[in-house]
Amino acid sequence: MLPIDLTGKRALVAGVADDNGFGWAIAKAFAEAGASVCVATWPPALNIFLNLLERGKLDDSRRMPDGSLLTFERIYPLDAVFDTLDSAPEEIRENKRYKELGDFSIDGLASRLAADFGEQPLDIVFHSLANGPEVKKPLLEVSRSGYLAASSASAYSFVSMVQRLGPLMRPGGAVASLTYMASERAIPGYGGGMSSAKAQLESDTRVLAYEAGRKWGLRVNTISAGPYASRAASAIGIIDTMVRYCAANSPLPEELSAREVGTTAAFLCSPLASGITGSTVYVDKGYHAMGMAVAPPDTARDPR
């Protein structure tokens, strides 16, 4: 037996706000493997997330294989487009959803982790963050501000997190993120500069693997997940079509589950993957390997 064992390790998953997306599945997989888990949540979604947890609305999703409920050591506020609190505009700092949260920046997250757990409290950091305010616009119609906002939230935030959390990680630690194959292929409908942001994320993964590996002994990878109909992905507007199309045209003709991404993350951040860094790992039922469609989505069988 060769188990994924994260006993004694602490993981931070940034970008968990409900039980419907990859971030939740990744956090749960880390916990199932024995890690203690902290999560960071976007401030506008934080109170809703806390209320759902407190009222037991997520208990079914929290159920672990042994019957216990998934618990988080800490739930931190995080708006990853801000490196420091001072970089946030006053209208954000004074907004009712932010005002009482203290330092919600990446720097603030690092300070809170150190205050709560000591100098090197982390073994795993997972970046499950992306946002493109103009994602429904084709690239020919995207504004400069929309393009740069997608890059800031979806790519540079990863660089900033490694900069600030890297010193808090123990040697042998692992950092990972989520990407999508629009980084290398044209995916009509996935707009707003998000394809460019994912390409940046993958390039940065390779460079950070070298730099953070040499500086702190960390591994840095990214998972290229297939389309999945999470609440966040609904912003794309065509996610259901994307899911059906990929399910019909993949080597394994079935829909991707969030758990499949979660368990891959647990492996990739475990000692079993100690030789893997600077890699893009595909978890998409093999769709990335295909060169042409085998069935149009309107005639494909229902994969369910």
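F267 counts as partly exposed because its relative accessibility is 30%, where partly exposed lies between buried, under 20% relative accessible area, and exposed, over 50%, with a 1.4 Å probe and protein chains only. F267 sits in helix α9, residues 258-268; helices here are DSSP runs of H or I with at least four residues, strands are runs of E with at least two, and both are numbered from the N terminus. Together with L2, I4 and L272, F267 makes a nonpolar surface patch of about 340 Å². Patch members have over 30% relative accessible area and no salt bridge, and nonpolar side chains are joined within 5 Å. The areas are Shrake-Rupley values with a 1.4 Å probe, and a salt bridge is a Lys or Arg side-chain nitrogen within 4 Å of an Asp or Glu carboxyl oxygen.

On provenance: this is a predicted model, with local features needing pLDDT of at least 70 and side-chain atom pairs pLDDT 80 or more, while totals for chains, interfaces and linings use all residues. Residues are numbered from 1 along each chain as its sequence is written, and side-chain values use heavy atoms, without hydrogens or water.

Now the pockets. A pocket is an open set of points on a 1 Å grid, with protein on both sides within 12 Å along at least five of seven lines; a cavity is a set where a 1.4 Å probe fits but cannot get out; lining residues have an atom within 4 Å of a point. Volume is the space filled by probe spheres on the points, which are joined across faces, edges and corners.

The largest pocket has a volume of about 1400 Å³. Its lining counts 48 residues, with S128, L129, A130, A232 and A233 nearest the centre. Helix α2 gives the largest share of that lining, 4 residues. By class, the lining has 31 nonpolar, 13 polar and 4 charged residues; Ala, Val, Leu, Ile, Met, Phe, Trp, Tyr, Cys and Pro count as nonpolar, Asp, Glu, Lys and Arg as charged, and the others, including Gly, as polar.

The second largest pocket comes to about 330 Å³. It is lined by 16 residues, and I187, P188, Y245, C246 and Y287 are the closest to its centre. That lining divides into 13 nonpolar, 2 polar and 1 charged.

How many cavities of 30 Å³ or more does the whole structure hold? The search finds 2. The largest cavity holds about 80 Å³, and its lining includes G226, P227 and C246. The second largest cavity, about 40 Å³, also has G226, P227 and C246 among its lining residues.

Notes
Patch = residues over 30% accessible without salt bridge, like charges linked within 9 Å, V, L, I, M, F, W, Y side chains within 5 Å.
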